[in-house]
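Subject: Structure handover: cavities and ligands

Dear colleague,

Here is the structure you will be working with.

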Amino acid sequence: MKFLEGKLDDIAAGREAPLSRRDLTDILESGPGIDGPLFRAASAVLGRNSGPGVYLRGIIEISNACQKNCFYCRLRRDNPGVARYRMNSREVMEALTHGWNAGLRSFLLQSGERLGGDFIEEVCAILAECRSRWGDSVRMVLSLGELPADVLDRLREAGGSRYLLRIETSDRGLYDRVHPCDGIHDWSARDACLRHLRATGWQTGSGVLIGFPWQTASVLAGDLEYLVDLDIDMCGMGPWIEHKDTPLDKVREQAPPRARRVSLTLRMIALLRILMPDINISATTALQTLDEEGLEKGLEAGGNVFMPNLTPPGYRADYNLYEGKTAVADDLESMITEGRKRCESVRRLLVLGDPGDPLHYGRRLATEGWMSGGAAPGDAIGGRG
Ligand code: 5AD
Ligand code: SF4
């Protein structure tokens, strides 16, 4: 362990010290003594790159209908115990306007995976309305599942800037164990979707579930290498949380205890921060569900985004993906005041009035030559002003 601590101290001091797959695995498996050096290294890397700012992204869970059947998720198609809903455009615009007035400049529209009907048209109309009201000052983030390339392209043209799609796990065998084998849960298709997003100018976000049954430290180390290889701009990863109405709950005793899932999540955030210094990493709701101080700990591990929930109170309980996800609707102003206090308690600064583009995105656009042909619409490039 002395060897790894030495490497982490080198990283903290700004010296080159590449971490191999073996190092990543060993750090994830180490005893608690590794946490001090690991979090110090991650904070130093964050401080030298993205800085102390914590950016807000308001989430609106616009529909909980889903065609998929992931074994870990309560919203899976075959769970009859979920009251399915879809917010209408007026409700979505009201939630967005409320967030905008409070100083939020980045919004995530999230839903289960739903194809067909006029859902996508309605989302496009919402994006167009946001663009006409707020122009380039807002970033609209979408997380609507795996969609065909032409649909993603339409959403981008309508005004989408960022897309989040978790790969869930980089290990295909494990992916197949936690999803049905029915043709619509296909690891390669998901990977292809992410690569399409990445190649077509979206700020691309991905992430994994941490601490679910059968996952090993070496698989998690592979997840980190996958995210680096994909060259993501943003990451959201959180602990798996059991729910009694899901098939994976039957093997819950095969997963690490909850405290270990929290610890693994924090180590994954810290390692990813070291590997990808200039991306955005969020302290996820699931992390905050398993640990009262999840936000503070996630920020100290290297996170720089926090996501207040703007979903209207009447819909919140119906979007519970797992046990204990908070359905209590705090008002936005108190969420911001509370968030600011929590950020300051770990010497970080909550930033309003700025969409917080990941520096990584501006840099990769510049190196990929997008700049010479003009920026993709709706994207500020280069920094945070
Ligand atoms: N615990 C934690 N996260 C979950 N998700 C789905 N089910 C669970 C669960 N039981 C996550 C998945 C998905 C995101 C929307 O929610 O990673 O990508
Ligand atoms: Fe649907 Fe996402 Fe839940 Fe899978 S994790 S069932 S895609 S909402």
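Predicted model: local features only at pLDDT ≥ 70, side-chain atom pairs only at ≥ 80, totals over all residues.

Largest cavity

A search of the whole structure finds four cavities of 30 Å³ or more. The largest cavity holds about 960 Å³ of space. Its lining is made up of 44 residues, and those nearest its centre are Gln110, Ser143, Arg166, Glu168 and Leu321. Strands E2 (58-63), E3 (106-111), E6 (203-206), E8 (234-236) and E9 (238-239), together with helix H11 (285-290), are the elements that each give two or more residues to this lining. E3 gives the largest share, three residues. By class, the lining of the largest cavity has 21 nonpolar, 14 polar and nine charged residues.

Ligand 1

Ligand 1 sits in the largest cavity. The residues around ligand 1 are Tyr72, Cys73, Gln110, Arg166, Glu168, Leu209, Pro239, Trp240, Ile241, Leu321 and Tyr322. Eight residues of this shell are nonpolar, one is polar and two are charged.

Which polar atoms come within 2.8 Å of ligand 1 at tyrosine 72 and arginine 166? At tyrosine 72, a polar backbone atom is 2.8 Å from a nitrogen atom of ligand 1. At arginine 166, an N or O atom of the side chain is 2.8 Å from an oxygen atom of the ligand. A nitrogen atom of ligand 1 also lies 2.7 Å from a backbone N or O atom of isoleucine 241. On its own, ligand 1 has 410 Å² of accessible area, and the protein covers 87% of that.

Ligand 2

The space taken by ligand 2 is also the largest cavity. Cys66, Lys68, Cys70, Tyr72, Cys73 and Arg76 are the residues around ligand 2. Its shell has four nonpolar, no polar and two charged residues. Tyr72 and Cys73 are listed around ligand 1 and around ligand 2.

Other spaces

The second largest cavity has a volume of about 50 Å³. Helix H4 (89-101) and helix H5 (119-134) each supply at least two residues of its lining, and H5 gives the most, with four. The lining of the second largest cavity includes Ile62, Arg86 and Phe119.

The second largest pocket has a volume of about 270 Å³. It is lined by 13 residues, and the closest to its centre are Ile11, Arg15, Glu16, Val45 and Ile274. Helix H3 (35-48) and helix H10 (258-275) are the elements that give two or more residues to this pocket lining. Eight of the lining residues are nonpolar, two polar and three charged.

Regards

Methods:
Residues numbered from 1 in each chain as written. Chains lettered and ligands numbered in written order. Heavy atoms only, no water. 1 Å grid on protein atoms, 1.4 Å probe; cavity = no way out; pocket = protein on both sides within 12 Å on 5 of 7 lines; lining within 4 Å. Points joined across faces, edges and corners; volume = space filled by probe spheres on them. Nonpolar A, V, L, I, M, F, W, Y, C, P; charged D, E, K, R; others polar. Near = heavy atom within 4 Å. Sits in = over half its atoms within 2 Å of the grid points. Polar contact = N/O pair within 3.5 Å; in protein donor to acceptor, adjacent residues only side chain to side chain. Areas by Shrake-Rupley, 256 points an atom, 1.4 Å probe, with all protein chains shown as cover.
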